[in-house]
Amino acid sequence: MTPPSANTAVAPTPKLGLRAPFGGEVLVRGTVLMWLSIIVLIPLGAVVFRSFDEGAGAFWEAISEPEAVAAIKLTVITSFVIVVINALMGTLIAWVLVRDEFPGKRIVNSIIDLPFALPTIVAGLTLLALYGNDSPIGVNVTYTKVAVGLALLFVTLPFVVRAVQPVLHELDEEMEEAAASLGASNLRIFRSIILPNLTPAIIAGCALAFARAIGEFGSLVLITGNIPFDTQVASVYIFGRIESDNTTAAAAVAVFLLVLSVVILFALNLFGRWRSRHERG
């Protein structure tokens, strides 16, 4: 029998596992698209159309109003600060939970998910009880920008931690041991081996944290005081416009935040891909 030539095409290996019956793929994909349209796309489209009810001029007027600009500016700047803090502290917390052993580790690991379990208004009440006028530790930050930061830190705590943890679990420690045996310092090992592997997960966690921070509402209502031009964030400003029966202006600011979030998330995704290619190169 003659061996196959090098140019002979090799048939692709069929994929194994559970597969939909003939025609089922179309049905499954159609169901997924319909569900996403009902839950996400159609509501977003309705908000976009609502924001332009009175024309592009009214849209621009709504988002350029001084009070709206101040609320958007505070929201975006604070969210960026929160993302930077989460990138550092979230990675550190994940490292401790994965690499260290200490009493109460499981309890600490469970506490990380507490912001997911608590209703956001309860989170605001909790922060108000701890950092309000009757603070048991003597710290009162109510109705200040610090309160905005604390509330956002509380609700965005799990994102970077939970994104980085599984990557650290899968990271090959033998590579670190080999580098250390060759005389590499801890800083060099972290910068050359650990950080490149963690960067995509950190960026993904930061993107989720930013998206949550820019749209947060419940935890901010009680502790920030909703003071225009001072502690009023965009989500509370939108709520105020709805209460004033100015839904067009509320929709305009909401659409602006939506576009801003999509652009920033897209930029973070591009940066993560570029960083991965750069590190591989």
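Sorted by class, the residues lining the largest cavity are 6 nonpolar, 2 polar and 1 charged; here Ala, Val, Leu, Ile, Met, Phe, Trp, Tyr, Cys and Pro count as nonpolar, Asp, Glu, Lys and Arg as charged, and the others, Gly among them, as polar. This is a predicted model, so local features need pLDDT of at least 70 and side-chain atom pairs count only at pLDDT 80 or more, while totals for chains, interfaces and linings use all residues. Residues are numbered from 1 along each chain as its sequence is written, and side-chain values use heavy atoms, with hydrogens and water left out.

Back to that cavity. The term stands for a set of points, on a 1 Å grid over the protein atoms alone, where a 1.4 Å probe fits but cannot get out; a pocket is instead an open set with protein on both sides within 12 Å along at least five of seven lines, and lining residues have an atom within 4 Å of a point. Grid points are joined across faces, edges and corners, and a volume is the space filled by probe spheres set on the points. The count comes to 1 cavity of 30 Å³ or more, and the largest cavity holds about 30 Å³ of space. Its lining is made up of Thr75, Val148, Leu152, Ala213, Ile214, Glu216, Leu220, Val233 and Ser235.

Two or more lining residues come from each of helix H3 (66-99) and helix H9 (186-214), with H3 giving the most, 8 residues. By class, this lining has 13 nonpolar, 1 polar and no charged residues.

As for the overall build, the protein has 12 helices and 0 strands, where helices (H or I, at least four residues) and strands (E, at least two) are DSSP runs, numbered from the N terminus. Of its 281 residues, 34% count as buried, meaning under 20% relative accessible area, with exposed set at over 50% and partly exposed in between (1.4 Å probe, protein chains only). Residues 24 or more positions apart make up 75% of the contacts (heavy atoms within 4.5 Å) with a separation of 6 or more.

The structure also holds 6 salt bridges, each a side-chain nitrogen of Lys or Arg within 4 Å of a carboxyl oxygen of Asp or Glu. One of them joins arginine 241 to glutamate 67, with the closest N and O atoms 3.9 Å apart. Arginine 241 sits in helix H11 (residues 234-243) and glutamate 67 in helix H3, so this pair ties together parts 174 residues apart in sequence. Both arginine 241 and glutamate 67 are buried.

Another salt bridge links lysine 145 and aspartate 230, whose closest N and O atoms are 2.9 Å apart. Because lysine 145 belongs to helix H7 and aspartate 230 to the loop between helix H10 (218-224) and H11, the pair ties together parts 85 residues apart in sequence. Lysine 145 is partly exposed, at 46% relative accessible area, and aspartate 230 is partly exposed too, at 29%.

Arginine 212 and glutamate 216 form a salt bridge as well, with 2.9 Å between the closest N and O atoms. Arginine 212 counts as partly exposed at 22% relative accessibility, whereas glutamate 216 is buried at 4%. Glutamate 216 also turns up in the lining of the largest cavity.
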